[in-house]
Number of protein chains: 2
Amino acid sequence: MPIFAAPVRDIQFVLHDLLDISRQDVPGYSDLEAEFTEAVLEAAGKLASEIIAPLNAVGDRQGCHLENGVVRTPEGFKDAFEQMREGGWTALDCDPDFGGQGMPYIMSLATNEMFVAANMAFNMYQGLTHGAYSAIHVHGSAEQKATYLPKLVNCEWTGTMNLTEPHAGTDLGMLRTKAEPQDDGSYLITGQKIFISAGDHDLAENIIHLVLAKAPGGGEGTKGISLFIVPKFLVNADGSLGERNGVSVGNIEEKMGIHGNSTCVMNYDGAKGWLLGDLHKGMRAMFTMMNEARIGVGLQGYAVAEAAYQNAVAYARDRVQGRAVTGAENPTGPADPLIVHPDIRRNLMEQKSFVEGARALAAWSAYLVDRSHRLDDAAAEGLVSLLTPVVKGFLTDMGFASTVQAQQVYGGHGYIEEHGMSQFVRDARITMIYEGANGVQALDLVGRKLAAEGGKPMMAFFEEIKQTIKQHEDDADLKASFLDPLKAASKDLQAAVMFFMEQGMKNPNAALAGSYDFMHLFGHVALGLMWTRMAAAARKALADGTSDREYYESKIATGRFYMTRQLPLTAAHLGRVRTGADPVMALAEDQF
Amino acid sequence: MPIFAAPVRDIQFVLHDLLDISRQDVPGYSDLEAEFTEAVLEAAGKLASEIIAPLNAVGDRQGCHLENGVVRTPEGFKDAFEQMREGGWTALDCDPDFGGQGMPYIMSLATNEMFVAANMAFNMYQGLTHGAYSAIHVHGSAEQKATYLPKLVNCEWTGTMNLTEPHAGTDLGMLRTKAEPQDDGSYLITGQKIFISAGDHDLAENIIHLVLAKAPGGGEGTKGISLFIVPKFLVNADGSLGERNGVSVGNIEEKMGIHGNSTCVMNYDGAKGWLLGDLHKGMRAMFTMMNEARIGVGLQGYAVAEAAYQNAVAYARDRVQGRAVTGAENPTGPADPLIVHPDIRRNLMEQKSFVEGARALAAWSAYLVDRSHRLDDAAAEGLVSLLTPVVKGFLTDMGFASTVQAQQVYGGHGYIEEHGMSQFVRDARITMIYEGANGVQALDLVGRKLAAEGGKPMMAFFEEIKQTIKQHEDDADLKASFLDPLKAASKDLQAAVMFFMEQGMKNPNAALAGSYDFMHLFGHVALGLMWTRMAAAARKALADGTSDREYYESKIATGRFYMTRQLPLTAAHLGRVRTGADPVMALAEDQF
């Protein structure tokens, strides 16, 4: 069975050495002293590693089953979910008015990383609930909040997002689910939704479906869409559960991975629903959940990669095969451990430098979310809005690739299901697809975010880089290994932006043909910025006389690997961006 | 269910436009006129697409099962195997003295591509048999040949390769299976082998296991290893089957993919075996099978990618979602087909340009194998020996990535098992692992092949590039789009070789830290060379007034995509190679 050890030390490094959160001016952050966050992370890590992680393989093997119209989750999920609920982990960053603990979002992100790494499929039940909570918290009426939020906060009830229909995925304008207004102010919802994660299960008393549907009078396309609350069981005036609503599970999908999460076809047959937010403004309401959900998916990308990496390291230390080219390192044994071989090192360093860089980027994004929510900081909101498709698209592409690398360390033992390495790969694969396939993230980045607010957020990102370089320019060591490569990569990013500005208007295909490479170019620069800041933080700790020199030195060495070997890929991506539309669009449709 | 159409036109292009095989001086090639090979390919393609491909999903779903010590293959496999046997497809390039058809290897490769694309797990039963055939054909005694070859040629009996043991994969020197010599000249084989593909099944009367084991007196490590023939049923003097040998299936592995092929734990309990080839020279005998097997795995890499690509194209044409950014292309429909979107085009072009380039490289390798076998051409043998780890490592890495891209086109529909896109990814994943994990291919390339014969094969490869450039340097169009990029990429490859030469002796870790990037750098240059030659061939056809202009123009456009967007990655790989050992080896083992 795969191992999982909570990476508390590494998360603490990001929260305190890198972001110095307890000294930031964000309301609520002053409580986040290192001792406090360590205690929280240790407790979450214990639950993750001892209770949730052992169920990961169980969930994969057993999957979810539809029995008489109700979904049964794998053995042990119900107990573990109960423990998660009781520990207050689902309520961490929720509004205290509705039973939440009111912590900043960054703490939710930090603890969730461990829950996801331990068991991604399991954690989706509460993750989606949090999305529903957010949507109702922002858009709900006072009555709706009172009815649903306390139950969603502690996951007594769970939530879902119902967007996709068989013929309408990315293009929601085509959806057909109908909402017919009733005299009592409710709607009758009719239609079929597919790919509904946690659509049904036996972990909670009730399930609150948020459903996109078309109510009369809204016009064509996405303009006509509204968002509705459709509970599995209707809720009586006193909060008790009433009769079963007209929503049922049509089927559970057989998937490549995340078998522990039920992905359902949901049939709405005149189910009773209530409008959430404004009529015909459903897309806006849905996007409230979407940005948070997309950062959450980016987190899944590197969290699963972290778990896979830990196992790859353990195997590389344990498995003896061949001899070091420079002479036996385990001369009394039959062979040397895999970890002596340079190509295994390369593989592990690629994983490690990605996971740690990704964690920093996600945490920085969460910090910006907190600034935006708790300080109404519009600049932070703009910046995180720009970063969101990069966090989602780049971190999941790289996270998946990283699990494949981890699996590769195991050789044939990685391909059989026994060791769990295949599961990491199969689970991670979905992160590139759901919450907007990564091609759509690239389109969002280049087509919308780049030009948003006249390019202000993009300028703000370049300014972050400039300030970081300026702040450390007197540090000669940092300059050669970090600042100079960051500057070069940043220039590549600027050149790509320039190319889009020049081409974008007259030839939109030229910009979109390069959108995917641009997303990766941006992602590398973002991770390069994070590694520069982490290296600076580590150098500070060393200068301050830390007792843990080896740890901080390993950070710098890992960062140097990223800056030296990974970051220069920006040049290749820029080169591709500049080739424009012609190579990509040259063929006629029938020439494929 | 996924579609599969036999790519006869594209294979014909490679055989005749690119390689002009019927005019090469290789014995047997003059028979390979275009009409003849087309007829062969059409017949193989019909079997592949109509009989074998429909069993691909069946095999994945049903898998293989161990019942009372015997493995049952999925429904329909036995009938299809019978048809393959009866059609003579297993005997295509086998020795006519033993019932083979005596065609060149290149025809076996060309037909196998379609069988693999149709159903990789199914085709492994005959693929491994061919490996056993080759080993016995080269190393067997006259008696052994007479006993086994006729049955292996037509797959009445099948074969296996038994190398791996639980503690010994790459490092075969550690294997423990013992061979005890008996008075009658036979040996008793005792030990456990794992990951034995097609280790048992119900498709053939008998299974001929080729088993690596240690016989007394051979010394330590790989020096003590010999190769043995161990039939499942002993063979009587008259060729009839005798009693069951002491070999049994311990277990079938649960794997990520290739469920239709039985991957067995094989237990040898004093099984009767006969030495194949020289005593204590088992590794050499095994390597006879290995080079051919590795090219075969490289073929699997792009063949599965071809199948996945075909489905991605079909889906991209069929699925309507969103509108083209330059204006609706399907104005009367609810949305435009996916294929109008530039990022979908990019995705499809990456797949297409890889698959077609890979097919050319594999065919060229097969041509070199034929030269080496049929003409005793030592230069060809040296060159293909150099290319083999690239064909295996690069084509399977890229092939897997290509199936992931194809799956991505389907969005959420790619993640559910229903459409078969997940299976392509799960099946393709093994190709990066078996027959020597790709890290081992990179090690073989840099550690052995590069310096083999004093670097003669590497020089010969550069000479191939030089000649190609020289031959077409007056063609201005070809020069800008193909020759110049090829020259630049080739310089990157030369620079990497130089780096290894300078570093290799004094710091072997520096060469090995860059081995994986070198393998990819080499792979891109090799595909760049193939695309240059294909473009030149297409230009010739156009100049000759072909009636199929659109086809040849699409070749040039696809090649241009590769040269413009993919080939320049050589610079990034060279950059990494040059960073040497330091970034990779910086951490102590306990810092991971």
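Which side chains meet in a salt bridge at 3.0 Å, N to O? In this predicted model, the partners are Asp10(A) and Lys555(A). Asp10(A) belongs to helix H1 of chain A, residues 8-18. Lys555(A) belongs to helix H18 of chain A, residues 549-566. Over all chains, the count comes to 69 salt bridges.

The record, an unreviewed entry, places "Acyl-CoA dehydrogenase/oxidase N-terminal" at residues 40-155 of chain A. This span is 67% helix and 5% strand. Its end C-alpha atoms lie 19 Å apart. UniProt assigns "Acyl-CoA dehydrogenase/oxidase C-terminal" to residues 281-444 of chain A, again in an unreviewed entry. Here the chain is 75% helix and 0% strand. The end C-alpha atoms of residues 281-444 are 20 Å apart. For "Acetyl-CoA dehydrogenase-like C-terminal", the unreviewed UniProt entry lists residues 461-587 of chain A. That span is 84% helix and 0% strand. Its end C-alpha atoms are 37 Å apart.

Helix packing was examined in chain B. Helix H9 of chain B covers residues 342-375, and helix H17 of chain B covers residues 515-543. Their axes come within 9 Å and cross at roughly 90 degrees. H9(B) and H17(B) are therefore roughly perpendicular to each other. On the H9(B) side, the contact is made by Ser353(B), Phe354(B), Glu356(B), Gly357(B), Ala358(B), Ala360(B), Leu361(B) and Trp364(B). H17(B) contributes Ala526(B), Leu527(B), Leu529(B), Met530(B), Trp531(B), Arg533(B) and Met534(B). The residues of this contact divide into 11 nonpolar, two polar and two charged.

The relation between the two chains was then computed. Chain A can be laid on chain B with an RMSD of 0.0 Å. The same surface serves both copies, and 100% of the contact residues of chain A recur in chain B. Of the residues of chain A, Ala572(A) comes closest to the rotation axis. Its C-alpha lies at 3.3 Å from that axis.

Notes
Residues are numbered from 1 along each chain as its sequence is written. Chains are lettered from A and ligands numbered from 1 in the order in which they are written. This is a predicted model: local features need pLDDT of at least 70, side-chain atom pairs count only at pLDDT 80 or more; totals for chains, interfaces and linings use all residues. Side-chain values use heavy atoms; hydrogens and water are left out. Axes are lines fitted to C-alpha atoms, for helices over the stretch in contact, and angles run from 0 to 180 degrees between N-to-C directions. Helices (H or I, at least four residues) and strands (E, at least two) are DSSP runs, numbered from the N terminus. Angles under 35 degrees count as roughly parallel, over 145 as roughly antiparallel, 65 to 115 as roughly perpendicular and the rest as oblique. Contact means heavy atoms within 4.5 Å. Ala, Val, Leu, Ile, Met, Phe, Trp, Tyr, Cys and Pro count as nonpolar, Asp, Glu, Lys and Arg as charged, and the others, Gly among them, as polar. UniProt positions are given in the numbering used here, feature names are shortened, and annotations may be inferred rather than shown by experiment. Copies are superposed by least squares on the C-alpha atoms of residues with pLDDT of at least 70 in both. A salt bridge is a side-chain nitrogen of Lys or Arg within 4 Å of a carboxyl oxygen of Asp or Glu.
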